[in-house]
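Take a look at the protein below.

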Amino acid sequence: MAAALAHGLLAALLPCNCVLCGASGPGLLCAGCHQQFFSAATLRCPVCANPLPPAPQTVQALPCGRCQAERPAFDATVAAAGYALPVDRLVLQLKFARQLALARLFAGLLADAVQRAGSDSAQRPALLCPVPLGLQRLSERGFNQALEIARPLGKALGIAVHAKLAVRVRDTLAQSSTPHGARHANIAQAFAIPDRVLVEGRHIGVVDDVMSSGQTLQELAATLKRHGAARVTNYVFARTPPNTN
Ligand SMILES: [Zn+2]
Ligand SMILES: [Zn+2]
């Protein structure tokens, strides 16, 4: 315990190396990389977070053509970055190399993106719900990266996190290894809401590391809405560009 505390203190005092470029500095991300990958003002669809063509910053972004033609079950999505080099590497390091400190970094960057998206705190979710992992994947990995991001995000935004608001009722194949045409069937009816009272009439924030085709978030939002959620907002660290979905 004392050793762990001392180690933590030491780590806080020593300069770190930027997780993207390796430059030493006070934090996990240097100012240059922060500027280049996380504060570039990519205009994104307020509903699905896909990039929109550039427009004057003063104009309120309208939903993209796809979302206007067919509204997803979720109402809004905030993404901190595009899922592209070199940001994608960080996500893989969190998931497969257990670099759990990255989850706090992602949460901080995502909290910044939420502030930039401009919704005042009255419009923020009442509860945060991490996308649940199936039991098999959870036991393989040992942690749920969505929950690891949701906890510090909830702290930063002042929103309670409920780890078991939604649960997986069946193990599914990883969406990333499922062919496109089969992704909807793979995820259909994968989720359940154990306690409807937590959801009914409320604005729920769903947290995940990456949004790719959006089928997982669509299915979870549809499940939350069936259980009476008034509104669903997705908070995702990285959004896969549409042409590589
Ligand atoms: Zn850097
Ligand atoms: Zn859209």
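Cys-45 sits in the loop between α2 (31-38) and α3 (65-69), and Cys-67 in helix α3, so the pair ties together parts 22 residues apart in sequence. Helices (H or I, at least four residues) and strands (E, at least two) are DSSP runs, numbered from the N terminus. Both Cys-45 and Cys-67 are buried, meaning under 20% relative accessible area (1.4 Å probe, protein chains only).

This is a predicted model: local features need pLDDT of at least 70, side-chain atom pairs count only at pLDDT 80 or more, and totals for chains, interfaces and linings use all residues. Residues are numbered from 1 along each chain as its sequence is written, chains are lettered from A and ligands numbered from 1 in the order written, and side-chain values use heavy atoms, leaving out hydrogens and water.

## The nonpolar cores

A nonpolar core is a set of buried Ala, Val, Leu, Ile, Met, Phe, Trp, Tyr and Cys residues joined through side-chain atoms within 4.5 Å. The largest one has 35 residues; Leu-29, Phe-38 and Phe-106 are among those with the most contacts inside it. Helix α5 (101-117) is one of the elements that each supply at least two residues.

Phe-38 touches residues including Leu-20, Leu-109 and Phe-237, not counting residues up to four places away in sequence. Contact here means heavy atoms within 4.5 Å. A second, separate core of 31 residues includes Cys-64, Phe-74, Leu-165 and Leu-220.

Which way do the residues of β4 (residues 127-130) point? Leu-127 and Cys-129 point one way, Leu-128 and Pro-130 the other, and all are buried. Two strands pair if DSSP finds at least two bridges between them.

| Pair | Bridges | Sense |
|---|---|---|
| β4 and β5 (residues 160-161) | 2 bridges | parallel |
| β4 and β8 | 4 bridges | parallel |

Leu-128 has Val-161 of β5 as its bridge partner. Cys-129 stands opposite Val-206 in β8.

Notes. Buried < 20%, exposed > 50% of the residue type's maximum accessible area, 1.4 Å probe, protein only.
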